[in-house]
Amino acid sequence: MGKKTLEIYSVELSGTKDVEQTDKEDGKERYRGLKNCFHSKKDHHTEKLKKELDLDDHKLSIKELEKKYGTNIITGLSSTQAAELLAQNGPNALTPPKETPEIIKFLKQMVGGFSILLWIGAILCWIAYGIQYSMNKSSSLDDVYLGCVLALVVILTGIFAYYQEAKSTNIMSTFNKMIPQQAFVIRDSEKKTIPAEQLVVGDIVEIKGGDRVPADIRLLSAQGCKVDNSSLTGESEPQARSSEFTHDSLLETKNIAFYSTTCLEGTATGMVINTGDRTIIGQIASLASGVGNEKTPIAIEIEHFVHIVAGVAVSIGILFFIIAVSLKYQVLDAIIFLIGIIVANVPEGLLATVTVTLSLTAKRMAKKNCLVKNLEAVETLGSTSIICSDKTGTLTQNRMTVAHLWFDNQIFIADTSEDHSNQVFDQSSGTWASLSKIITLCNRAEFKPGQESVPIMKRIVVGDASETALLKFSEVILGDVMEIRKRNHKVAEIPFNSTNKFQLSIHKTDDPNDKRFLMVMKGAPERILEKCSTIMVNGQEQPLDKSTAEAFHTAYMELGGLGERVLGFCHLYLPADEFPETYTFDVDAINFPTSNLCFVGLLSMIDPPRSTVPDAVTKCRSAGIKVIMVTGDHPITAKAIAKSVGIISANSETVEDIAKRLHIAVEQVNKRDAKAAVVTGAELKDMSPEQLDELLTNYSEIVFARTSPQQKLIIVEGCQRQNAVVAVTGDGVNDSPALKKADIGIAMGIAGSDAAKNAADMVLLDDNFASIVTGVEEGRLIFDNLKKTIAYTLTKNIAELCPFLIYIIVGLPLPIGTITILFIDLGTDIIPSIALAYEKAESDIMNRKPRHKKKDRLVNEQLAIYSYLHIGLIQAVGGFVVYFTVYAQEGFKPNILINLRVEWEDSNVNDLEDSYGQQWTWYQRKYLEWTGYTAFFVGIMVQQIADLIIRKTRRNSIFQQGLFRNKVIWVGIASQIIIALILSYGLGSITALNFTMLRPQYWFVAVPYAILIWVYDEVRKLFIRLYPGSWWEKNMYY
Amino acid sequence: MAALQEKKSCSQRMEEFQRYCWNPDTGQMLGRTLSRWVWISLYYVAFYVVMTGIFALCIYTLMCTLDPYTPDYQDQLKSPGVTLRPDVYGEKGLDISYNVSDNRTWVDLVNTLHNFLAGYSPTSQEDNVNCTSEKYFFQDVFGAPNHTKFSCKFMADMLQNCSGLTDPNFGFAEGKPCFIIKMNRIVNFLPSNSTAPRADCTFLDQHKDDRPLQVEYYPPNGTFSLHYFPYYGKKAQPHYSNPLVAAKLLNVPRNTEVLIVCKILADYVTFDNPHDPYEGKVEFKLTIQQ
């Protein structure tokens, strides 16, 4: 036996890939329980260490334990022993997840994306200057300046990106919060309070109700001890703890209390068997950090985009380097051209813009209760195709609520909405009067005092979930329950326990004429019925005959079938002669009758779905997102909730449903007929990965019930094998591996444990499923808008690039300078490209399928081609028209400009003749050249306004979308114009910036081209709308 | 966030690429079938033809709006540039040095001047008219043949000792070299109100105790006669030649580098632009060795 368990609980030190391999080798093995897959990068493939956990502590006797840990349960460890062990094993604390050092993060920003290209550009600049300097000591410093500017651009955008990232990650909470502060320990035969961090294996500790368990503890003695293991297992029921060994499994045996769980009541003494990272929770935590954080879809898309742009930049650069050299340009000049081409091609500001856009959306989502920890996760949510959702708290309200009542042979429906306001069932019957009395009196739950102003449903109650439900239910209908209880003084009580399965109390009645005691009882319906001989119908007691018993059973089955927790209620007026007012009831001896009572009614409770959830599920469905429910609850309850929220739609059936309807065996049903499936954890355990894949592909509506948090990971992996982008919700510590594994892990803000929040990419502040759906909507919108932003930014690159190419080939004076290009990329274009993030969706984005992460790229061929070769080209032409206009009106007609480059740039030619025979000094020409830069710059800027407007939509006409709905766009346009005006007229006198004061009319030369761009794009969109699926759409829709 | 990235082997990538280049199942090359390629190419040809057309139209319209005789704006040409012959440039600007006793060091300089003055020979100036008025030669109508305007003659012999006619060595041989100063042409530019603009050469780094630079100017006083102005542009005055002033430097110290500046003194000629060293003046280094 020992060997088998060892294998199950063995810990593997291996990379995930090995785990996947073992999966294939022995698929079943994996599902047998908690198998910790440690991920250690160092030992990646080569070393596959198998390390045993100390598993048998729960089986050992106290003597054996003492021997094993060299301790004594009376005197505890000695201080010296403890100090030694502490030095050996380290403090009892979880190692926080390894963080990348800040400097590495910073450096990553400095070399990531386009930065490396710009660094190359800067270095080439300096090299070029070096060569120039070595040839001619007086060469101009222009190249050095340009190199510095490029380096500055990289550093500034790097700092900006780093700052944005740091801002978004500081939400991270750490594991440190989970560590209990103090521990009560026996050392050197003395009881001491020491910081929990100093606990060592073998310490004898005492815990009491309210404490957090300071380490993994083998209990030696316990008095009424109950622990809340929810942070570990997700089960919220308190669990009793004793010193007995009850189960082979370490996780289920009663004599172990786990680190970081809470002791709810009672006291216990125990021996520390594991500390720090070696505790169960420590292992899970490191398992979570071991599951690699892979790239988000948007990161992949951006990388793809960077590759495209860098590819274009480098290949055009090298191509023209070769052309320049073969055109007999000097290599030095060719290098300068290369730099110009790189600068023109790289959208320097774009990555910063993307970051800003994402963080704007993250802010918007935070307002809608989705706190995004990882900026890129904003978009991931939009591409989600499967949501694996918890039930409790996420889909449901996370409180038991009375849903149905059965009395007078009739089922009544109670209002389960969030505020309970509308209880419409018939309350006139005498039976209801009795039933309500039982509900009120046979209940130990109480409101915490001082909450009179709080709505009933929001008041805090001391008591368990069912009693709370009953208390609130009766408070809503009857009014002040506490007052009623006061009037019906309680004289005796037997609380609920699992052997009796009922709860009983005896009261004096508030009727002064009636001296009888009233005994009220509630409990498991079948047990209650056993104790009854009569039944109340319409306020009258009737003998309980077969037909009424039948009716009871039908009702019981029906309510149970709805997945509801059913309670039976009965009462008995104790005869006054036998039980006079002075009678003392003894609950231990039970000196009163507990049979032949009068059955009054049934009441069923459920944790009802949140009212917003069905809507959200429908939205998901129309958005092509599959919603899978994963819950630890009973399959019937799970199915009932799934049906009521629409995860299983009204007309779809499971295999079992079909079998029941057709009265045939489950095996005979054609599995293809069923759309829905309810799978229990036990069934999942026996499935091979292939079977799971089959299940996930064949059924559109799946509910996993009775699953353990570990199985969540298996489900997530199964979904990911379908190439789906998976969102997973979770709250327990044990959910954290699944949260990490998921493409987007969503932790619950209210119910979630710190570990879950830590592992997740997003935190739902209101625990509401509907918030996920709004998140999806935002995510999809941001993807569309990023597309628009990138298209906008890429367009002008051609207009910036063409001047260089023409300059090299045709030999015109340079139309636009490198610095000027930087002023477009980082000046005029920044605010407009951010403004596109505020654009509203074109159509209902929730009515289309999630994007296919391999096919629907952020930057696709169409986008690049349309931006570069259509709009970009028009912009280039427009820019050249402005350029030629300026030169021609100053005296240089286009024909004379061709091949003028060498003389034009020669500072020793000071009498260069223009078309009119005028002669120009070098500086006069240079100044004209800068005017040309400014003109070209203004030309691009004017056309970028048109570009900005057309990018508002991809399919609809601008007039359908509304020109003025997105006000930020106009802020963007205004900023463009103002920045350009400042550059030209404000800074026109600073020669280093190469701007000059441009004559006002030149600002309008490119306007016809701007109009042309708008018209051309409207025509494009018109044809796309007119001929969907046509050749035109395939080539022109991006 | 796994399963998003599948590592592909190199051969797989190659295979995919090959399939992209030629997909035998669908008959697609580079993602399109042949007919699709033809269509898309036709579209692009049409698109670019239209764009070229629009561009050509714009340039044509632009050319139509231009005045053939005068440029629309002369924003950069407020004041004419000045150039010097012979023009030998060093690391920073004009740098002329020669050895009096070694004629190989100055023969190129002399040749430059001869070549430059070839444009002022009687044959090249025969289309121009003789002017003696010393006043602005305004012409409102196109009185010259072929719908042009008259230009005044400037003959090399007006430079007398520096014309290369009397002294073919331009004084270089005796260490008193001639430098020819030329003012750039600007359409419709009037250098001053009534007095003729005048060239004036001095040492740039004049020390108090040094003797000032002695210069002999040709034409006398170093003036550019007003009848060469205004210039009506290449189309109106196809044979126009810039008036010149020659400066014969008489007392250049030997074996030291001197900085000399020649300014044009006129009402509308400025020489204080800090950015442009050739506006209204010309500076040069001169070293005469012996």
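User: Which residues does F284(B) touch in this predicted model, leaving aside those up to four places away in sequence?

Analyst: In this predicted model, F284(B) touches L84(B), L94(B), I96(B), F179(B), L249(B), V258(B), L259(B), I260(B) and C262(B), once residues up to four places away in sequence are set aside. These count as contacts because heavy atoms of each pair lie within 4.5 Å.

User: What makes F284(B) stand out in the largest nonpolar core?

Analyst: That core holds 234 residues, and F284(B) is among those that touch the most other members, together with F769(A), I181(B), I260(B) and L286(B). The largest share, 20 residues, comes from helix α27 of chain A, residues 769-810.

User: Why is this core said to lie between domain 1 and domain 2 of chain B?

Analyst: Both domain 1 (28-63) and domain 2 (82-288) of chain B give residues to this core, so it lies between them. The centres of these two domains, taken over C-alpha atoms, are separated by 54 Å.

User: Where does another core lie, and which residues are among its members?

Analyst: Another core, of 34 residues, lies apart from the largest one, and its members include C388(A), Y699(A), V716(A) and C719(A).

User: How do you know which part of chain B should be read with caution, given where pLDDT stays under 50?

Analyst: The mean pLDDT of chain B is 88, and 96% of its residues reach 70 or more, but over residues 1-5 of chain B pLDDT stays under 50, although the model has 27 contacts beyond four places in sequence for them. Where pLDDT is low, the predicted coordinates should not be read in detail. For the complex, the predictor gives an ipTM of 0.93 and a pTM of 0.79.

How values were computed:
Residues are numbered from 1 along each chain as its sequence is written. Chains are lettered from A and ligands numbered from 1 in the order in which they are written. This is a predicted model: local features need pLDDT of at least 70, side-chain atom pairs count only at pLDDT 80 or more; totals for chains, interfaces and linings use all residues. Side-chain values use heavy atoms; hydrogens and water are left out. Domain bounds come from an automatic or database domain assignment. A nonpolar core is a set of buried Ala, Val, Leu, Ile, Met, Phe, Trp, Tyr and Cys residues joined through side-chain atoms within 4.5 Å. Buried means under 20% relative accessible area, exposed over 50%, partly exposed in between (1.4 Å probe, protein chains only). Helices (H or I, at least four residues) and strands (E, at least two) are DSSP runs, numbered from the N terminus. pLDDT is the predictor's confidence in each residue, from 0 to 100.
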